[in-house]
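Biologist: I'd like to learn how to read a structure like this one. Could you take me through it feature by feature?

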Amino acid sequence: MAKEPSLSRQIIFSVIIGLSLIAMFFIASNYDKLDKITMPKFNEPKSEQKKEEQKTEVNNNIAMKKFSSDSEFREFVENNQISSGGIGGGARSFNVEKTMAVNDSAAPVPMLKKEADSQAVRYSQTNTQVLSIDEPDIVKTDGSNIYLSEQGWGGWIMPMEDSAASDVMTLKVVPGFAPDYQNYSKTRIISAFPVQGLGKISELKKAGNILLSKDRLIIFSQDGIYGYDIKDKKNPVQAWKIEYKSSNYLAGARLYNGKIYLITRSGINISNPCPIKPLAYNGQDLLIKCTDIYYPIEPSYTDSTFTGMIVNPETGSVEKTISFVGSSNDSIIYMSENSLYATYQINVNNLKFFAKFFSEKCGDLIPGDLIVKLNKVDGYDISQKAKNVEFETIWSNYIQNLDPDQRLKMENELTNRFSDYRKDHLREMEQTAIVKIDLKDFDIKAQGKISGSPLNQFSLDEYQGNLRVATTIGQRWFDIYLQGLNFSNNYTANDVYVLDSNLAVSGVIKDLGLEERIYSARFIGDKGYLVTFKQVDPFFVLDLKDPKNPKMAGQLKIPGYSGYLHPLRDNIILGVGKEDQNVKLSLFDVSDPSNPQEKDKYTLKEYYTNILNDHHGFLADKEKEVFFLPGSQGAYLFSYKGDKLELKKAVDKIYAQRAVYIDKYFYIIGNDKIIIINQDSWTRVTELELKD
């Protein structure tokens, strides 16, 4: 007869059962958060640990942490290196123009001033993603002057010995096999207003995208960032210099509230990864230790370290930094007034994907012991690249030993089954992680993930604490080659995700424009606008009012596509794109979201506009209801009064790059001259030759 358990053992057993039930309830209620963990700090004093524990209670969804040592960093990189094609996928490759769209606050607005007659009462700003956040560009204006950066080479040059410490453009030609050329890279300061005083004031030998911050002109050159004191426009003086160190590059820059926000990308040296030296400012190296670098818990493509910095534009000093690992391939930077966001590819495990495919769909084709063998490869204690090679070898040995008839049947069966399987599991194959950096504390606040890949920074938009992201799925390829299996698959889908302040998915719209890809995205308040394209242009209107239940409100299908979307007024969106190889403009009326209409359209005798590559080339003057469009043959000024497109002025024989407006004048800036147009009469006023 069995002995009855003691009372104490019964109590202990009951407690264990109770705790288990509580744990099961907690797991069930928090299932969607299991992939998020807290962000521990290393080597913190005990007095700070308590504060950090309190902090992580709020931020308990962050799935990133800092490396604890140099060796941990090295091991992480070795396991997540990008091999040929990348671990788990590769970059997108398109045969059409790169397209962009911008945020709802992108339209330039007048800057109202009441100063001397030498400064206009209204002038344009750079067309940026967020109105209050400036972006570097080749042209800036302060209402009196135009700052123009020209970059280019006409041949081989080298600075003269006595020019190294001077900003004077002093060059000597190096003779050689090629003709004697000149370097015409420079940044000019041009007197622009009043128009009677149009002329060159001075020039600097550095060139690149530029920012203006009070009396500082910041030039983002190829070798570094230069800050010039421009109080005396005739004699600018270099105030500071930031030098990029070896294998370091600028990933992005913004100017906001009198501070420059930089993101640099540093290549990782596996043999000697730390400390990282992304740059030197005023001769002093910026050092980033391994234990100061965040990394994602979930494996990701890793070949670079990104460092965010806050830089004082007055002195060039670096005030704060934050670093994290990522990939140089498809990483995107987006900045709102509250946060800085960075994306990176998530390492999709190809071995598990294919092993699962063989197990679920090919059990009648492939021997069971082979499937078991393939499943075991992922557990080997070797690098990911070595696992891929082993997986390919096992498969190759099997299929090569089949007789020709069996092999032909196998190849056809596998290709058909894999095509269907890939379509069903599309969102498992391609995922993007998003890191959120709070601007106030300049620390990582949240991390989340979504399926697919954003097109560019304008596919991300923050509104009322939520982040909206538009992605295309089905554009990455595998880095594993399996003999007899056709990997080609043109099936794509497009999603729009709404993420809450913790970057958890709150709502999603799936399968917009199947078998197409996103050409442009636009988020305006609680609405979203999306253009996908393959043969026709579906223009989607999205209702994002309820973050938990976003939906597609309406769509319009028209020939061609719109690669750039710009809100001209409430409920009127301008689309710039192409139809039958010509540049096409469309006015979309979205007053009824369920029934968007093409209000008007205009086709230009142009094959190209650089707006499809660079949103900075577009300029709208909302007060006058006109906009500027650069083309390959000339420049165009359109009116959109009464929701009708009217070509007011065409300017021939200028390869237009940019335009600014100052007072009632449009300054059309080409590669060799500036032409001024009076908006009242639409006539040429004067022009300035830029060639020396």
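Biologist: Is leucine 503 buried or exposed?

Modeller: Buried means under 20% relative accessible area, exposed over 50%, and partly exposed in between, with a 1.4 Å probe and protein chains only. Leucine 503 has a relative accessible area of 2%, so it counts as buried. A word on the source: this is a predicted model, where local features need pLDDT of at least 70, side-chain atom pairs count only at pLDDT 80 or more, and totals for chains, interfaces and linings use all residues. Residues are numbered from 1 along each chain as its sequence is written, and side-chain values use heavy atoms, with hydrogens and water left out.

Biologist: Where is leucine 503 found, and what is its phi?

Modeller: Leucine 503 sits in the loop between β25 (493–499) and β26 (505–509). Helices (H or I, at least four residues) and strands (E, at least two) are DSSP runs, numbered from the N terminus. The phi of leucine 503 is near 65°, a positive value in a residue other than glycine. Aspartate 580 also has a positive phi, near 55°, and belongs to the loop between β32 (572–579) and β33 (582–589). Aspartate 580, though, is exposed, because its relative accessibility is 66%.

Biologist: Which peptide bond is cis?

Modeller: The one from phenylalanine 193 to proline 194, with omega near 0°. Look for proline 194 in the loop between β6 (186–191) and β7 (199–204).

Biologist: What does asparagine 610 touch?

Modeller: Contact means heavy atoms within 4.5 Å. Leaving out residues up to four places away in sequence, asparagine 610 touches Gly617, Pro630, Ala656, Gln657 and Arg658. Asparagine 610 lies in the loop between β34 (597–603) and β35 (619–621), and its relative accessible area of 11% makes it buried.

Biologist: Now the helices. How do α5 and α6 pack?

Modeller: Two packed helices are described by the angle between their axes and the distance between the axes. Axes are lines fitted to C-alpha atoms, for helices over the stretch in contact, and angles run from 0 to 180 degrees between N-to-C directions. Helix α5 (residues 368–376) and helix α6 (residues 384–400) pack at about 165°, with axes 9 Å apart. Angles under 35 degrees count as roughly parallel, over 145 as roughly antiparallel, 65 to 115 as roughly perpendicular and the rest as oblique. So α5 and α6 are roughly antiparallel. Leu370, Lys373 and Leu374 of α5 make the contact with Phe391, Ile394, Trp395 and Tyr398 of α6.

Biologist: And at what angle do α4 and α6 cross?

Modeller: At roughly 30°, and the axes of α4 (residues 350–361) and α6 come within 11 Å. That makes α4 roughly parallel to α6. On the α4 side, Leu351, Phe354, Ala355 and Phe358 meet Gln384, Lys387, Asn388, Phe391 and Trp395 of α6.

Biologist: In what order do the strands of the open sheet come?

Modeller: Strands of a sheet pair through backbone hydrogen bonds, either parallel or antiparallel. Two strands pair if DSSP finds at least two bridges between them. Here four strands form an open sheet in the order β39-β40-β41-β42, with antiparallel pairing. The edge strands, β39 (656–662) and β42 (683–689), each pair on one side only. Five bridges join β40 (residues 665–670) to β41 (residues 673–678), and tyrosine 665 stands opposite asparagine 678 in β41.

Biologist: How many helices and strands does the chain have?

Modeller: Eight helices and 42 strands. Of its 692 residues, 54% count as buried.
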